[in-house]
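Good morning, and thank you for making time for this presentation. I would ask everyone to look at the sequence and the structure together as I speak.

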Amino acid sequence: MLTNYFKDFLKLFFPKNCEACGKNLLKSENILCSDCLYNMPKTYFHETKDNPLNRLFYGITDITYATALFYFRKASIYRALIHKLKYKGQKEIGIELGRMTGQEIKGSFFDETDIIIPVPLHTAKKRMRGYNQSEIIASGISETLKKPVIKNVLIRSKYTETQTKKSLEERRTNVKSAFKTLKPELISGRHILLVDDVVTTGSTLIACADELLKTKNVKVSISVLGFAVQ
Ligand SMILES: [Zn+2]
C-alpha cells in the first residue's frame, strides 16, 4: 500500500517515537513501544456478547455485538492516541489501531458482520478536519478483516455542535435524525459493523443504528477504539 511505502520512506529520515509514552521506537515497532502495547488497557469485549458497552444500548436500540479496543480513561497516556488521530492529523494512528482491532476481533462473533460503515461526519466538518477519523479506523479494520468499507450510504445531514458539555438527554435530541441512508439497497440484508473512535454516552451510535435499522433485514454491530470510563 502506498501509505506503507510512504511511512517507510519517512522512517529513513525521522526516528519515530511511541505515540503514548514518547520513548524512541525500535524499527520493528509501530506507533506504540512494546511496553505501551503490552500495557494497553484492552476491554476484550469481543469475547462476550453481554458486556458493558453493549449494555449501553439495551432497551434503546438493537445492537447485535459491541466491542471497544481499550478503556479510555481521563489521565491515561492512551488518550493521546485518539487526540492525535482526531485533531493532529495523525492518520497512521487510526490505521494501526484499526488493524489491531481487526486482529483482535477476527475469529470472534464479529466474523458474522459483512460490511463496515464508519460513523459519518457532516461534510462541513470533514472539510475543516480534512478527513473523517472513523473512516481511517474503518480502513485499518477492513485491511485485516477483508470486509469492504461502505462510505456515502450513511450520511450526516444535520450539523451538530460539540456534544461534550451536553447532558445525555440533550445529546440524544441533538443527534436524533442527524443521519440519513442513501441507497438503502446497498445495505439491505447485511450485517453492518459500525465504526467510531470513542464511545461515551453512545448517543451518536444510537442515532446511526436507529437510522441503519430502518432498512430491511439489517443487523448492526459496533466496534470503537476507546470505551470512556472515569
Ligand atoms: Zn510507549
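This is a predicted model: local features need pLDDT of at least 70, side-chain atom pairs count only at pLDDT 80 or more; totals for chains, interfaces and linings use all residues.

Let me begin with the metal site. Which residues coordinate the zinc ion? The SG atoms of C18, C21, C33 and C36 do so, at 2.3 Å. Along the sequence, these donor residues follow the spacing C-x2-C-x11-C-x2-C. C21 belongs to the loop between α1 (2-13) and α2 (34-39), whereas C36 is in helix α2, so this pair ties together parts that are 15 residues apart in sequence.

What is the geometry of the site of the zinc ion? The site is tetrahedral, and the angles among its 4 donor atoms run from 104 to 115 degrees. For comparison, the ideal angle for four tetrahedral donors is 109.5 degrees.

Is C36 buried or exposed? C36 counts as buried because its relative accessibility is 6%, and the cut-off for buried is under 20%. C21, at 40% relative accessibility, counts as partly exposed.

The loop between α1 and α2 also holds I31. The phi of I31 is positive, at about 60 degrees, although I31 is not a glycine. I31 is buried, with 6% relative accessible area.

L69 is buried, with a relative accessible area of 3%. The C-alpha atoms of L69 and K158 are 29 Å apart, and 89 residues separate the two along the chain.

From there we pass to α5. The end C-alpha atoms of this helix are 21 Å apart, which agrees with the 21 Å that its 15 residues should span at 1.5 Å a residue. How many of the residues of α5 are buried? The number is 12 of 15, and the helix is thus described as mostly covered. Just after the helix comes G107, with a positive phi of about 85 degrees.

With a relative accessible area of 39%, G89 is partly exposed. The C-alpha atoms of G89 and Q133 are separated by 8.9 Å, and the two residues are 44 residues apart along the chain.

I shall close with three further loop residues. K42 is in the loop between α2 and α3 (52-55), and counts as partly exposed at 23% relative accessibility. How far is the C-alpha atom of K42 from that of P15? The separation is 27 Å, for two residues 27 residues apart along the chain.

L182 is in the loop between β4 (179-181) and β5 (191-199). Its relative accessibility is 39%, so L182 counts as partly exposed. The C-alpha atoms of L182 and V153 are 4.8 Å apart, while 29 residues separate the two along the chain.

Finally, N217 lies in the loop between α9 (203-212) and β6 (219-229). N217 is not a glycine, yet its phi is positive, at about 55 degrees. Is N217 buried or exposed? N217 is exposed, with a relative accessible area of 61%. I31, which also has a positive phi, is by contrast buried.

Thank you for your attention.

Definitions and conventions. Residues are numbered from 1 along each chain as its sequence is written. Side-chain values use heavy atoms; hydrogens and water are left out. Donors are N, O and S atoms within 2.8 Å of the metal (3.2 Å for Na, K and Ca); water is not among the atoms, so sites may look incomplete. Four donors count as tetrahedral if all angles lie between 85 and 135 degrees; four count as square planar and six as octahedral if opposite donors are over 155 degrees apart and all others between 65 and 115; anything else is irregular. Helices (H or I, at least four residues) and strands (E, at least two) are DSSP runs, numbered from the N terminus. Buried means under 20% relative accessible area, exposed over 50%, partly exposed in between (1.4 Å probe, protein chains only). The expected span of a helix is 1.5 Å times one less than its number of residues.
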